[in-house]
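Hi everyone, thanks for coming.

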Amino acid sequence: MSASHNDLSQQNVYDNPDFFEGYKTLRQQDSGLNGAVELPAIRALLPELSHLNVLDLGSGFGDFARYARTKGAVQVTGIELSTRMLAEAQRLTDDPGITFQHISMEDFAADENSYDLVVSSLALHYVADYSGICHKVYHALKPDGHFIFSVEHPVCTAWPVGWITTKAGEHWPLDNYHDQSIRHTQWFINDVIKYHRTTENYVNTLLDCGFTLRTLSEPQPTEEALAQRPELMKHCRRPPFLILKAQKIPASL
């Protein structure tokens, strides 16, 4: 059963002071996997951004919005529920071509054929109604528009206990993969809520909404990142992220 729109603790975790400060430090120091794996993989899938109208779901600190504008996007709208994240994004952004809205992805609505590109970075595993979001995005996209998003890879969300050490060495455990339900995890604070879905679910939901799948990516750390941070090598042993690129192809008349 989907969570109600008034019960969004899984997203509002970013308004927890301890969580927010931990996450902010992680991103500022680029000590996580975002810069080494997810960010370059997302950027590699982007279409030419010049003159595009872009929607960013879960816009966080506004990093992608500012990046898209440097690449020629004419307008970027960021959707963010966390008041702390939103305040930081507004502090960092001085651009009339960027608009931030304080609203959840579940409650956001857009006119049909409004956007050329919709992106979402590591946010959709926090929402209960993934299918509903996909339907909204399809409605909001212009014909031939793209939907590009990343989530924690299902092999990571299935049994999120982290790396374990046995006599044979360090391993990433996998269990309960097909049990698509809430996961209670620990990241900076206790009881961070995420929604586990299979790769099959992520892909088939897009197809059921009418999208054409263009790319399925399970990126590894870049060679540059590995040279700078050899400890990232273990993340070549399991995919930390799943990135999908889909396109709204109008039906032929």
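**Aromatic rings and their partners**

Let's start with a cluster: ring pairs join Tyr-130, Tyr-138, Phe-147, Phe-149, Tyr-202 and Phe-211. Please keep in mind that this is a predicted model.

How many aromatic pairs are there? The count comes to 8 aromatic pairs. One of them is Phe-147 with Phe-149: the ring centres are 4.9 Å apart and the planes are at 40°, so this pair is tilted. For a tilted pair, that angle has to fall between the stacked cut-off, under 30 degrees, and the edge-to-face cut-off, over 60.

Are these two residues buried or exposed? Phe-147 has a relative accessibility of 1%, so Phe-147 counts as buried. Phe-149 is buried too, with a relative accessible area of 0%.

Now stay with Phe-149 and look across to Tyr-202. Here the ring centres lie 6.3 Å apart with the planes at 50°, so this pair is also tilted. What I like about this one is where the partners come from. Phe-149 is in strand S5, residues 141–152, while Tyr-202 is in helix H8, residues 199–208. They are 53 residues apart, and the pair links distant parts of the chain. Both Phe-149 and Tyr-202 are buried.

Let me finish with charges over rings. Back in the cluster, which includes Tyr-138, Lys-248 lies over the face of Tyr-138, at 4.9 Å from the ring centre. There is also Arg-43, which sits over the face of Tyr-67 at 3.7 Å from the ring centre.

Technical notes
Residues numbered from 1 in each chain as written. Predicted model: local features only at pLDDT ≥ 70, side-chain atom pairs only at ≥ 80, totals over all residues. Heavy atoms only, no water. Phe/Tyr/Trp six-rings, centres within 6.5 Å; stacked < 30°, edge-to-face > 60°. Buried < 20%, exposed > 50% of the residue type's maximum accessible area, 1.4 Å probe, protein only. Helix = DSSP H or I, 4+ residues; strand = E, 2+ residues; numbered from the N terminus. Lys NZ or Arg CZ within 6 Å of the ring centre and 35° of its normal.
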